Amino acid sequence: MDALVAFVRMSSVRAAGRAFALLLPLAILLGAPHAGAQSARDAVVQAALPQFKHTRWTADEGAPLAITQIAQTPDGWLWLTTFNGLQRFDGVTFETVAPPAGSPLEHYLASGLYVSRSGELWVGFSNNGGVAVYRNGRLQDTRMPSPGAAVTGFAETPDGAIWAASQEGMRRYFGGRWQDVSRQMGVPQGSVTSMKVGADGTFWIAITKGAGRLARLRPGASRFEALSYEVGPRAGLTEDRHGRLWVADKFGTRIAADRNGQLLPAQVLYPPIAGLSRAKPTFDDSGALWSTTSSSGIFYIRNAAEAAGGKNSEVVRYGLSDGLTSNISHGSLRDREGNIWITTDEGLDQFRIASALVEPALSGGTYSNIWMARAADKSIYISSSAGVFHIASGQAPRRILDYHLDGLCAAYDEGIWAVNATDLLRYSRGRWSRVQALLREKRTGDCTEDRHGRLWLTMPDGTLSWRDANGWQVAGPQIRKSLWWEIITTPAGDVAFKTKDEFVQIRGNRQFVTKLAAQDRGDYAMVAPGLADVFIGTATGLLRVRDGKFARIDKGRVPWLARVRWLVQTSGGQTWLLRRDGVSRVVTADLDRAFDDPRAPLQRVFFGRQDGAGTTQNQGITGPQAAIDDTGRYWFLTYGSVSFIDLARLRRNALPPPIVIRSLVSNGQTFRDPVRIVLRPGTRSLDIAFTALSLTVPRRVQFRVRLEGVDDDWVDPGTRRTASYSNLGPGSYRFHVIAANNDGVWNSKGATLDFEIRPTFFEGWPFRLLLGAALAVVIWLAYSMRLRRVANRIRSRMAERMEERERIARDLHDTLLQSVQALTLRFQLVVDELPVDERARPALEAAIDRADEVVAEGRDRVKDLRLPNEAGDIAQIMTEIVAQQGFDPAVAVSIETVGIARSLDPLALDEIVRIAGEAVFNVRRHARATRIAIEIRFQSGFAICIVDDGVGIAPAIIEQGGKDGHFGLPGMRERARKLDGDLLIRRIPEGGTQVVLTVPGRIAYQKRVWRWPSRWWWWA
């Protein structure tokens, strides 16, 4: 092998001479590319990739089997060709995208994927299925004539042509149709295994026919150029960030052409991977190369893009034993966020830069306790089962002791203190020294030094000792005891610790004790110093001790501040909080504000298991659990290992996530990729599925949804990517969803879906119109019935009064009038017997005549009390009333009827006539008028208006409602109220008086007698 290495480093075959002939068979067996190749490093390392966070999806997580190819469209979807057909993936859910029902494509499996510059997804199919393009939410067949057995590769040249490769050759899609240009354009015979369009526009293809060769189509050329550059069967092509063409095959990994499309001398920069049968290489953002092998997992080359400058990197092989879903790997992809994806026979793998890295040199055993101390010079010391290590500024850990210690703590001035089972040690300025033996066996491991130079040490029995200039001292009973010590040096340089329910500070020789039950009744997990304060972590929140005063943030307000394991503050204004589930970073000013103001929000940046952070040590292991070195690296202790977060290498995901509304499901019908939907009448509930295509940490994507017209504000759906709504009515709706990626960058525009629910017949406007009409009819009928009841009640009262009047008339006629008439007859008989010349006879005859007049007048009054048998003509009645008043012939009287005359109810007519008669009587008696106009109106109601041009009624009489001692006007108003009518009496400005009586038609007019045909027609 040494001879081989020496040989392949030679510059040419001729310089090798005789050695070449001797070693050529061995070179061929080991897969050397061809004569003249320079050797790369010959080592391939099987190792993990600790700087990356590896996430995998297998069948247990819902992933399909046999994922062969992968692509990403501009909207963020990952597209996969699988054993189950074409699928797309949003980081959480795998979704099958089937061809349209009835399409011939239903019978074929997808075999190739490509995303064009316009963002369209091109899909190749097996078994002569041809090619389809995904447009407008569906696969559309491009109608490739005589397609090959399986279309597995695509490329797009600068002229916009889409090239498709299969075992039978190449086709070009240009101008809306497919062209078989293999012969016309001189495509070399063989199977095209890989295609790549370079930065300069050169179209490269790798062809296998026996031996593998490269061919190229220069920009503007009409024919391919076959090259003598040899490649392995099923070689893979890719391009680095410098625009250079790379080849990965069984001979190794190398640069084949520069950015101008010029071939370079064959140089195997990196050795081949044993068992590689087909490579699919790709570069990540850092210039590292990743590639599949088809049978041996994947391989990774750090800084591969810089290898041309001689900076060769180690080739790391990563396979099933390291956590890959399968060694049978197929496709690779760098997504828009910089993550690397690998497809295998058993699932899908993702690699992304881990925020928290495990330092392998510092890791202890599974059950090993790890101690940490941060010295005054900000360097870090770690004690694990692997020994004691020193981490100086920006350097890798350096072992300074080969065995594990029982405890570490920082010296107040420089270096550290350390204890083992029997001795107290000191490390300072690069040297260890034994200071003094311990008083007794030491096992707890917690110590600290205060500003007075006293080294405080906890004891197994719960007591406390310290070392000063006089040697070891044991604390007396006045010092509180603790079973689990958490002892620190405060920012002021004093000593502080907690017992079961107390917080104790020792300042000089004085002890200050605070009962913690008054501040927080939870279990206490930590006492840690900040820059100026002391913090106490409990099961129910976080306490801050400042100037002897306590402030608290409850877990009900900020849940992730409960059970804080350790806290570190930096001079740059950041606070790091370590919990069992990960690390939180907050702005110190925001934390102070949250302590001071219960309403102040507190935002954090979180690093959890998905970022590489492991679980913290057992609660019983005391002492500092985290520290920050002078380069800003945050070191923290986890279960059996030591991890760090390097702020300098953290990469923030600044890409707002594309948001897609995946589907709307209602009444058993699914609408995929909806834009605007009209739902059938009667729809009441629906489910809207949405997603945000941020693939770095999909589980950390946050959503806010709102259905306009239903939700008053944004709704947080939590981890669900479905919004469900019920009890929806007909109308137009707009669903709006926004999202933020794993680093809290929001896509505020989001995605919207407009949908309409058509009304049923009973919800539509025709039914509502009918319902409104029916309601109006019901209201009108109810109103009519009410009016009829009121009218009947009024008529009933009027009838009762008329019956009473008739009774009075009968009584007057049968008693008073007949008695008076009988007396008159008797007096007449007496007068008839008197002599004619009797002096008393004329007086008696005159009295008898007057008695006859009274009887006649009484009969008239009795007649007036009785209701006429038939309702008369109101106009004729008014004419008789005017005639009876005996107006002067010079007075002009006019009576006019407006509208079609209708029969008045007899009871109402009587009251109307009496009111009108009183008005005419008043005109005759008081007005001194020359003109009287009487107008009778037959409309929906009845009205009679009497106007004269006389002196007019006095305003005082109108205001008082009548004249004292006179009852004409009050009687008129009383009669009008009985009719439920209105009586208007007013003085006319130009002279005279107007009297208007208005009576509702239901009262004034006689009831109509409905005939059944007419009533039936009305209801119809």
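Colleague: Which residue in E69 does Cys 945 stand opposite?

Modeller: Cys 945 stands opposite Val 996 in E69. Please keep in mind that this is a predicted model.

Colleague: How many bridges join strand E67 to strand E69?

Modeller: Strand E67, residues 942-948, and strand E69, residues 993-999, are joined by seven bridges and run antiparallel.

Colleague: What is the strand order in the open sheet of five strands?

Modeller: The order is E65-E66-E67-E69-E68, and the pairing in this open sheet is mixed. At its edges are strand E65 (892-898) and strand E68 (982-987), each of which pairs on one side only. From one strand to the next, the twist averages 10°.

Colleague: Now the open sheet of four strands. What is its order?

Modeller: The order is E58-E57-E60-E62, with antiparallel pairing. Strand E58 (669-672) and strand E62 (722-725) are the edge strands, so described because each pairs on one side only. The twist here averages 20° from one strand to the next.

Colleague: And which residue in E62 is the bridge partner of Asp 687?

Modeller: The partner of Asp 687 is Ser 724. Strand E60, residues 686-692, pairs with E62 over four bridges in the antiparallel sense.

Colleague: Let us change topic. Is Leu 578 buried or exposed?

Modeller: Leu 578 is buried, because its relative accessible area is 1% and the cut-off for buried is under 20%. This residue is placed in strand E51, residues 574-579.

Colleague: What is Leu 578 in contact with, leaving aside neighbours within four places in sequence?

Modeller: The contacts of Leu 578 are Val 564, Arg 565, Trp 566, Val 583, Thr 616, Gln 625, Ala 626, Tyr 634, Phe 636 and Leu 637. As for Phe 607, it is 29 residues from Leu 578 in sequence, and the C-alpha to C-alpha distance between the two is 9.7 Å.

Colleague: What share of the residues in the protein is buried?

Modeller: Of the 1020 residues in the protein, 49% are buried. The protein has twelve helices and 69 strands.

Colleague: How many cavities of 30 Å³ or more does a search of the whole structure find?

Modeller: The search finds three. The largest cavity holds about 60 Å³ of space. Its lining includes Trp 204, Asp 258 and Arg 259, and the lining residues divide into three nonpolar, four polar and five charged.

Colleague: What volume does the second largest pocket have?

Modeller: Its volume is about 1300 Å³. The pocket is lined by 43 residues, and those closest to its centre are Tyr 114, Lys 196, Thr 282, Ser 332 and Leu 333. Elements that give two or more residues to this lining include strand E7 (110-115), strand E22 (280-283) and strand E26 (329-334).

Colleague: Which element gives the most to that lining?

Modeller: E15 gives the most, with six residues. Taken together, the lining residues of this pocket divide into 16 nonpolar, 14 polar and 13 charged.

Methods. Residues numbered from 1 in each chain as written. Predicted model: local features only at pLDDT ≥ 70, side-chain atom pairs only at ≥ 80, totals over all residues. Heavy atoms only, no water. Pairing = 2+ DSSP bridges. Axes fitted to C-alpha atoms, helices over the stretch in contact; angles between N-to-C directions. Buried < 20%, exposed > 50% of the residue type's maximum accessible area, 1.4 Å probe, protein only. Contact = heavy atoms within 4.5 Å. 1 Å grid on protein atoms, 1.4 Å probe; cavity = no way out; pocket = protein on both sides within 12 Å on 5 of 7 lines; lining within 4 Å. Points joined across faces, edges and corners; volume = space filled by probe spheres on them. Nonpolar A, V, L, I, M, F, W, Y, C, P; charged D, E, K, R; others polar.
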